[in-house]
Amino acid sequence: MPNGIIIIDKPQEWTSMDVCAKLRRIFGERRVGHAGTLDPMATGVLPVFVGRATRAVEFAERGSKVYETVLRLGQVTDTQDVTGTVLETRPVTVGRRELEEVLPRFTGDIEQIPPMYSALKINGQKLCNLARKGKSVERPARPITIFELAVLEQISDTDYRMRVRCSKGTYIRTLCHDIGMALGCGGTMAELRRTEAAGFALTQAVTMEELLQAKEQGREQALLLDVAAYFSDYPECRISGEAERRCRNGNSFLSAGADGTFRVYSADGEFLMLGERKGGTMTTVKSFFAPPEQKGN
């Protein structure tokens, strides 16, 4: 059965769930999940987890992400990007210098009010559903972190390409909107491309066309990365005998050595789990081994 991670260069107009649905058909596996939703207008890195690898999604969602975006000054829309209805058009009297001077205000630990056009739920209702009905509700500001924010190039009198490295939960279109308001002319997001997510880069991504071609050639599973590679920052630990038996039964076991988190393998090299050793005892953080009836598939 297929198990692993594939990095998709998400095409524009596809939702992240559209990609997952397509991959379920391509791999013939119902267990497919992604790390980090991308809006339909966005393109770029979408890590998709297949089979038992879906158990790693919760770890992948926690990391920082890197985007390249185009900020368009002088325009305000209801969605905070160019797909929405234009609410205001204002003259742009600032240039690159003024833009760069305001960026430190949006760098570091800041608070951001989520946009109405988002999947975030307030009192059990998605904000985007309320927004489509013309409703607006109060949204509490949420803490986020902008690790890096820089202008890469000036495209025109109104458009600037920027690089953003940020924490989970950051809305880049809201960032563009807020920067535009701080400059007094308004702003909206004209383009968005994610270049890094969950530790994976755009250079590792395959397009949907490349994946479909691989499927036709019967080599789609060769594009899957081993889920153990995602945890490569953790040291390796090999076990056998009673320790392996207890591990496969979900029990803790004795393990000599320093405390810490480890990639735990069987003696024959099967990745069993991410484990935590403390005081000479190893416990399961998350298991990845195949149930006995699936071994060999």
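The buried residues of helix α6 pack against β1 (4–10) and α1 (16–27) in this predicted model. Elsewhere, the largest nonpolar core holds 28 residues, and the largest pocket contains about 1000 Å³ of space.

**Helix α6**

- Helix α6 covers residues 208–216, and M208, L211 and A214 are buried in it.
- Viewed down the helix axis, the buried residues of α6 fall within an arc of 120°, so they line one face of the helix.
- The exposed residues E209 and E216 sit on the face of α6 turned away from its buried side.
- After α6 comes G218, which has a positive phi, near 70°.

**Nonpolar cores**

- In the largest nonpolar core, the residues that touch the most other members are L99, L103, I146, L149, I172, I179 and L183.
- At least two residues of this core come from each of β4 (65–73), α3 (96–102), β10 (142–154), β11 (159–166), α5 (172–183) and β12 (187–197).
- The element giving the most to this core is α5, with five residues.
- Apart from neighbours within four places in sequence, I179 has contacts with L71, L99, V102, L103, F106, L149 and M162.
- Another core, of 21 residues, lies apart from the largest one, and its members include V57, F59, A60 and F200.

**The largest pocket**

- The lining of the largest pocket consists of 36 residues.
- Nearest the centre of this pocket lie T37, L38, D39, Y171 and R173.
- Each of α1, β4, α4 (127–132), α5 and β12 supplies at least two residues of the lining.
- Sorted by class, the lining has 14 nonpolar residues, eleven polar ones and eleven charged ones.

**Residue Q75**

- Q75 is placed in strand β5, which spans residues 75–77.
- Q75 counts as buried because its relative accessibility is 18%, and the cut-off for buried is under 20%.
- Leaving out residues up to four places away in sequence, Q75 touches V82, V86, E88, C185, G186, G187 and T188.

Terms used. Residues are numbered from 1 along each chain as its sequence is written. This is a predicted model: local features need pLDDT of at least 70, side-chain atom pairs count only at pLDDT 80 or more; totals for chains, interfaces and linings use all residues. Side-chain values use heavy atoms; hydrogens and water are left out. Helices (H or I, at least four residues) and strands (E, at least two) are DSSP runs, numbered from the N terminus. Buried means under 20% relative accessible area, exposed over 50%, partly exposed in between (1.4 Å probe, protein chains only). Contact means heavy atoms within 4.5 Å. A nonpolar core is a set of buried Ala, Val, Leu, Ile, Met, Phe, Trp, Tyr and Cys residues joined through side-chain atoms within 4.5 Å. The arc is that of the directions from the helix axis to the C-beta atoms. On a 1 Å grid over the protein atoms alone, a cavity is a set of points where a 1.4 Å probe fits but cannot get out, and a pocket is an open set with protein on both sides within 12 Å along at least five of seven lines; lining residues have an atom within 4 Å of a point. Grid points are joined across faces, edges and corners, and a volume is the space filled by probe spheres set on the points. Ala, Val, Leu, Ile, Met, Phe, Trp, Tyr, Cys and Pro count as nonpolar, Asp, Glu, Lys and Arg as charged, and the others, Gly among them, as polar.
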